[in-house]
Amino acid sequence: MSAHPMEEIISATRAAVQAAVWAPSVHNTQPWSFTVEGDEIAMRADGDRRLRIGDAAGRELLISCGAALMNVRLTLRRLGHEPLVRVLPDPDRPALVATVRIGGTVVPDEHTVRLHAEIERRRTHRAGFTELPVPERLEETLAAQAAAEGARLTPIRAEAAVRVLAALTCAAQDVQSQDRLFSLEVVRWARPPGSTRGDGVPAGGYPREPRRTRPRFAQRDYAHGHPWGNDSDQFFGTSTGTVAVLTTRGDSREDWVTAGQALQRVLLHASAYGLSAAFHTQALEAHHLREFIRQELLSGEYPQMIMRLGFTFDENAATRRPVSEVLEERPPRRPAGP
């Protein structure tokens, strides 16, 4: 048990879980749950929220959980506690993604404070960006953030490579849209106007008639034939932005959690500079397309996320489940007797 007072431990662990739920997740499924026992937070992947068609292996599920884990780590450090993390600590409990214990006292540095401040501000974008370019120096800084977590973020600067990724994204989207089971799975996580659900993609989270970027990166069809979407002016949202790919050297479950932590660190740093991200996972959900991208564009590294980065004027409200739905608090264990 940590030497910190129990009231301080309870406050810190609750704050960490409250921050965790703000992490991005595929289709905003929020596929996680937390148990707090004393000074330890256990995070589990919620298999009922896994995409059984689009994410059969659970790769995107663990990336989502990795992003939530990054928020836990940042919050504890921001509150002056060293997070002691064990990733996938028990092979017999594959749903247990990580445990985080409160360690010694630390003084949060300026970067930790800055990233933590963006946890609730960060938003996922689902359209084009303004023509304002992403500074190359900022791209390099984002790459450094990913590297600090053991992953690689590569801005794709060759026009031909960008066209290839765009074409593969569109091809995968077209194939998936013709697959009834795949489409129904996406629709499951699409929220109609007026919905009070705390998960899924809200109808106002994407434009009703998005302007096409050049090259065009296909968007998910959450509306599925319904006249959903927002009517915000997309006149300035015609730029593709900077296309980047997040990769790892391996492709194990641990690598997927690593990718999620790196992704969230990149996104929070980007948000601090007014930068938004749009995700495109369609081609990575098709094994052969993912392998093609890995071998032909990425020198053998495994693509975990394709994204576009840019500046936008849109600020959509975020939707999250209440912490009470994902958190179980247990009394601390009593030490064993002599």
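Me: What is the order of the strands in the open sheet?
Reply: Keeping in mind that this is a predicted model, the open sheet has 5 strands in the order S3-S4-S2-S1-S11, and the pairing among them is mixed.

Me: Which strands stand at the edges?
Reply: Those are S3 and strand S11, the latter covering 327-330, and each of them has a single partner strand, so one side of each is left without a neighbour in the sheet. Going from one strand to the next, the twist averages 20°.

Me: Ok, and which way do S3 and S4 run, and how many bridges join them?
Reply: S3 and strand S4, which spans residues 96-105, run antiparallel and are joined by 6 bridges. As one example of the pairing, Val87 stands opposite Ala98 in S4.

Me: What packs on the sheet?
Reply: Helix H1, made of residues 6-20, packs on the sheet and touches strand S1 (32-37), strand S2 (40-45), S3, S4 and S11. The direction of H1 makes about 175° with that of S1.

Me: Going along the sheet, how many bridges join S2 to S4?
Reply: There are 5 bridges between S2 and S4, and the two strands run antiparallel, with Ile41 standing opposite Val100 in S4.

Me: And S1 with S2, in which sense do they pair?
Reply: S1 and S2 pair in the antiparallel sense over 6 bridges, and within that pairing Ser33 stands opposite Arg44 in S2. These two strands form a hairpin with 2 residues between the strands, where Gly38 takes a positive phi near 65°.

Me: What about S1 and S11, parallel or antiparallel?
Reply: S1 and S11 run parallel, and 4 bridges join them; here Glu37 stands opposite Arg330 in S11.

Me: Is S1 mostly covered or mostly open?
Reply: S1 is mostly covered, since 5 of its 6 residues are buried.

Me: Is His27 buried or exposed?
Reply: His27 has a relative accessible area of 6%, and because the cut-off for buried is under 20%, it counts as buried.

Me: What is the phi of Leu88 near?
Reply: The phi of Leu88 is near 45°, which is a positive value in a residue other than glycine. Leu88 lies in the loop between S3 and S4, and at 21% relative accessibility it counts as partly exposed.

Me: Let's go to Glu82. Where is it found?
Reply: Glu82 is found in strand S3, which runs over residues 81-87. At 26% relative accessibility, Glu82 counts as partly exposed.

Me: What is Glu82 in contact with, leaving aside its neighbours within four places in sequence?
Reply: With those neighbours left aside, Glu82 is in contact with Arg77, Arg101, Ile102, Gly103, Gly104 and Val106. With Arg77 there is also a polar contact of 2.5 Å that joins the two side chains.

Me: And how far apart are Glu82 and Thr105?
Reply: They are 23 residues apart in sequence, while in space the distance from C-alpha to C-alpha is 6.1 Å.

Me: New topic: at what angle do H3 and H7 pack?
Reply: Helix H3 (residues 110-117) and helix H7 (residues 253-272) pack at an angle of about 85°, and their axes are 8 Å apart. That angle makes H3 roughly perpendicular to H7.

Me: Which residues meet there?
Reply: On the H3 side they are His111, Arg114 and Leu115, and on the H7 side they are Arg265, Leu268, His269 and Ala272. Sorted by class, the contact of H3 with H7 has 3 nonpolar, 2 polar and 2 charged residues.

Conventions
Residues numbered from 1 in each chain as written. Predicted model: local features only at pLDDT ≥ 70, side-chain atom pairs only at ≥ 80, totals over all residues. Heavy atoms only, no water. Axes fitted to C-alpha atoms, helices over the stretch in contact; angles between N-to-C directions. Parallel < 35°, antiparallel > 145°, perpendicular 65-115°, else oblique. Contact = heavy atoms within 4.5 Å. Nonpolar A, V, L, I, M, F, W, Y, C, P; charged D, E, K, R; others polar. Buried < 20%, exposed > 50% of the residue type's maximum accessible area, 1.4 Å probe, protein only. Polar contact = N/O pair within 3.5 Å; in protein donor to acceptor, adjacent residues only side chain to side chain. Pairing = 2+ DSSP bridges.
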